[in-house]
Amino acid sequence: MDADCAQFRLSLNGTAVRIHGLPPQTTLLDFVRSQGLTGAKEGCAEGECGACAVLLISQSPGENRAVCRAVNSCLVPLPAVAGREVFTVEGLSENGTLAEVQNAMAAAGGSQCGYCTPGFVVSMFAEQHRCDPDHRDLHALGGNLCRCTGYRPIRDAFLSLGHTPEGRIQQRLLEPASPPQRLRYRANNAGFSTPLSLDEALRLAAETPDSRFVAGNTDLGVVTNLRDTRFPDLISLQAVPELKHFTETPDAVEIGAALTLTEIGERWQTAPPVFREWLPLFASLLIRNSATLGGNLATASPIGDSAPLLLALDAAVRIASLQGDRLIPLTEFFCGYRKTALNPGEILSSVRIPKPFPHTARFFKVAKRSLDDISTVAVCIAISGRGARIALGGVAATPLRVLEAEDFLSNGDIEGAQQALEHTLHPLSDHRGSAAYRLAMAKSLLAKFRAEHEGQI
Ligand SMILES: Cc1cc2nc3c(=O)[nH]c(=O)nc-3n(C[C@H](O)[C@H](O)[C@H](O)COP(=O)(O)OP(=O)(O)OC[C@H]3O[C@@H](n4cnc5c(N)ncnc54)[C@H](O)[C@@H]3O)c2cc1C
Ligand code: FES
Ligand code: FES
């Protein structure tokens with residue numbers, strides 16, 4: 001293990017920068033702005049607006065190529081990018097010539113006050129470098145909000161973009177990304193470590209009982225930014241290879257807990273259609289580029305979106321500790337409101353989904369906006385040779401399956417299933433929806449499922 005250090009380096013717009021003495025929970029956004037790179041802005045500090053978007057050069061897991069991903073820099077702790085390459089909007093122009101994306105935004109009138117513009121430009125640039133024009137997805141801009149221009153001119157700029165332009169970032173992507181660096185950074189009485197193996201991560205956690213694991217920081221970062229919470233020691237799981245694996249056998253798929261949702265979407269080519277239905281409904285691409293499946297389950301949020309999907313797919317979770325690992329059904333993982341079966345120092349290492357996948361499955365998310373929003377109620381219903389599964393979020397202290405309702409559904413009795421929901425669910429009322437509304441939604445989604453699959457159940 002490297003000795004504690006008070007400095008590290010990163011590459012910013014192609015120039016090496018040394019970081020010295022800054023508190024570990026300094027955000028990447030605050031740092032780039034302190035360097036005079038003020039294109040990235042703070043709009044919300046909680047991952048909602050995309051004004052802070054920057055590009056990270058990352059390795060595509062399982063492939064020997066680099067990719068550039070747009071992320072919300074307000075949710076990136078600065079030491080999380082130690083040794084990595086970051087590009088801000090200022091780094092997209094070359095030799096005084098604007099990037100095609102920047103010209104396109106100007107030509108289409110895609111900017112008025114300009115607050116959101118650098119973020120949109122960064123998201124568009126990443127999408128232009130991801131694929132050819134025929135495969136681009138306008139939803140790549142789903143995490144960028146504009147309050148004054150209106151989206152049509154921004155959309156026009158996006159749709160006008162040609163093939164990936166030649167330039168230094170396109171050239172850079174031809175080479176692998178910089179390998180992860182081990183880090184034990186300390187400053188201002190706080191620490192941030194990046195271990196390079198599972199064993200190292202577990203040992204670090206055992207040595208520092210006050211420590212907290214962090215993966216994509218899309219949950220923890222909101223707590224840090226908005227509640228001013230400071231964690232004395234963070235242990236990053238981003239560079240632990242055992243948590244980034246993806247394996248598929250005839251019996252199951254096993255997904256490393258520290259894979260981001262974007263990476264899972266790229267790796268899981270045989271995913272059942274319900275996964276493809278679910279993925280774009282989870283936050284925005286900017287968030288999915290950082291957020292992990294492990295982080296989502298470990299928060300045990302009753303409105304987390306992965307739990308209903310994975311419960312309906314009969315998933316199990318693998319938990320690693322210094323004593324070895326154990327595999328438990330996901331139904332046993334959630335023990336109470338925001339409580340899991342993880343003991344202190346344990347790491348959720350992977351999620352195992354058995355095969356065959358259900359022949360019929362649907363994921364319904366009820367939220368105030370269809371994209372980039374948190375669920376009020378989420379329901380996943382699946383029918384397979386193992387029977388019916390009904391898994392819900394937002395209707396109790398934990399995500400849950402309703403076994404009694406499943407029995408009714410297996411017999412095609414939707415009314416019976418709805419009654420079972422009525423006496424099993426105990427939704428809360430909050431600003432997203434009343435208890436009565438949540439219950440009514442859960443019941444009506446069962447009816448919707450039946451209407452869509454008439455004759456199949
Ligand atoms: C704007 C915005 C939109 C969002 N939209 C959605 C949404 O639509 N649906 C949804 O479900 N969530 C949403 N979220 C919440 C969040 O993005 C997810 O919960 C995400 O999956 C968390 O993953 P992470 O890697 O960022 O976790 P982190 O923030 O890094 O960690 C979260 C918690 O999990 C622990 N942890 C992380 N990984 C592990 C592990 N492998 N083992 C043990 N403990 C671990 C950490 O210690 C921490 O307590 C949203 C968040 C934001 C900011
Ligand atoms: S400041 Fe709004 S997403 Fe970062
Ligand atoms: S141009 Fe003003 S917020 Fe988008």
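**Figure 1. Methionine 124 in helix H3 of the predicted model.** Methionine 124 is found in helix H3, which covers residues 117–130, and the model in which this and every following view is drawn is a predicted one. With 29 other C-beta atoms within 10 Å, methionine 124 is buried, since 20 or more such atoms are required for that label. Once residues up to four places away in sequence are set aside, methionine 124 touches Val101, Leu141, Phe158 and Leu161. For one of these, phenylalanine 158, the separation from methionine 124 is 34 residues in sequence and 6.5 Å in space, taken from C-alpha to C-alpha.

**Figure 2. Isoleucine 57 in strand E3.** Strand E3, made of residues 53–59, is where isoleucine 57 is found. Leaving aside neighbours within four places in sequence, the residues in contact with isoleucine 57 are Ala66, Cys68, Arg84, Glu85, Arg172 and Ala177. Valine 32, which is 25 residues from isoleucine 57 along the chain, has its C-alpha atom separated by 16 Å from that of isoleucine 57.

**Figure 3. The largest nonpolar core, seen around Val54 and Leu55.** The largest nonpolar core holds 137 residues, and among these Val54 and Leu55 touch the most other members. Strand E18, which spans residues 377–384, gives the most to this core, with 7 residues. Both domain 1 (1–180) and domain 2 (242–452) give residues to the core, and the core therefore lies between them. In general, nonpolar side chains tend to be buried together in soluble globular proteins. Leucine 55, not counting residues up to four places away in sequence, touches Cys68, Arg69, Ala70, Val86, Phe87, Val122, Phe125 and Ala126.

**Figure 4. The meeting of domain 1 and domain 2.** The protein is divided into domain 1, residues 1–180, and domain 2, residues 242–452, and the C-alpha centres of the two lie 31 Å apart. In this view, 16 residues of domain 1 are in contact with 16 residues of domain 2. On the side of domain 1 that touches domain 2, the largest share comes from strand E4 (residues 66–72), which supplies 4 residues. The residues on that side of domain 1 divide into 6 nonpolar, 9 polar and 1 charged.

**Figure 5. The hairpin of strands E6 and E7.** Strand E6 (residues 183–187) pairs with E7 in the antiparallel sense over 5 bridges, and within this pairing arginine 186 stands opposite glycine 191 in E7. The two strands form a hairpin with 2 residues between them, and asparagine 188 in the turn has a positive phi of about 55°. Of the 5 residues of E7, 4 are buried, so E7 is largely enclosed by the rest of the structure.

**Figure 6. Strand E9 and the strands that pair with it.** Strand E9, residues 233–236, is covered on both faces, with Asp233 and Ile235 buried on one side and Leu234 and Ser236 buried on the other. In a regular strand, side chains alternate between the two faces of the sheet. Strand E7 (residues 190–194) pairs with E9 in the parallel sense over 3 bridges; in these strands, the bridge partner of glycine 191 is aspartate 233, and that of serine 193 is isoleucine 235. Strand E8, residues 212–214, also runs parallel to E9 and is joined to it by 3 bridges, with phenylalanine 213 standing opposite isoleucine 235. Together, E8, helix H7 (residues 220–227) and E9 make a right-handed β-α-β unit.

**Figure 7. Arginine 276 in helix H9.** Arginine 276 lies in helix H9, which is formed by residues 273–278. With 12 other C-beta atoms within 10 Å, arginine 276 is exposed, because that label applies to counts of 12 or fewer.

Key
Residues are numbered from 1 along each chain as its sequence is written. Chains are lettered from A and ligands numbered from 1 in the order in which they are written. This is a predicted model: local features need pLDDT of at least 70, side-chain atom pairs count only at pLDDT 80 or more; totals for chains, interfaces and linings use all residues. A nonpolar core is a set of buried Ala, Val, Leu, Ile, Met, Phe, Trp, Tyr and Cys residues joined through C-beta atoms within 7 Å. Domain bounds come from an automatic or database domain assignment. Two residues are in contact if their C-beta atoms, placed from the backbone, lie within 7 Å. Two strands pair if DSSP finds at least two bridges between them. A crossover is right-handed if, with the strands pointing away from the viewer, the path from the first strand over the helix to the second runs clockwise. Ala, Val, Leu, Ile, Met, Phe, Trp, Tyr, Cys and Pro count as nonpolar, Asp, Glu, Lys and Arg as charged, and the others, Gly among them, as polar.
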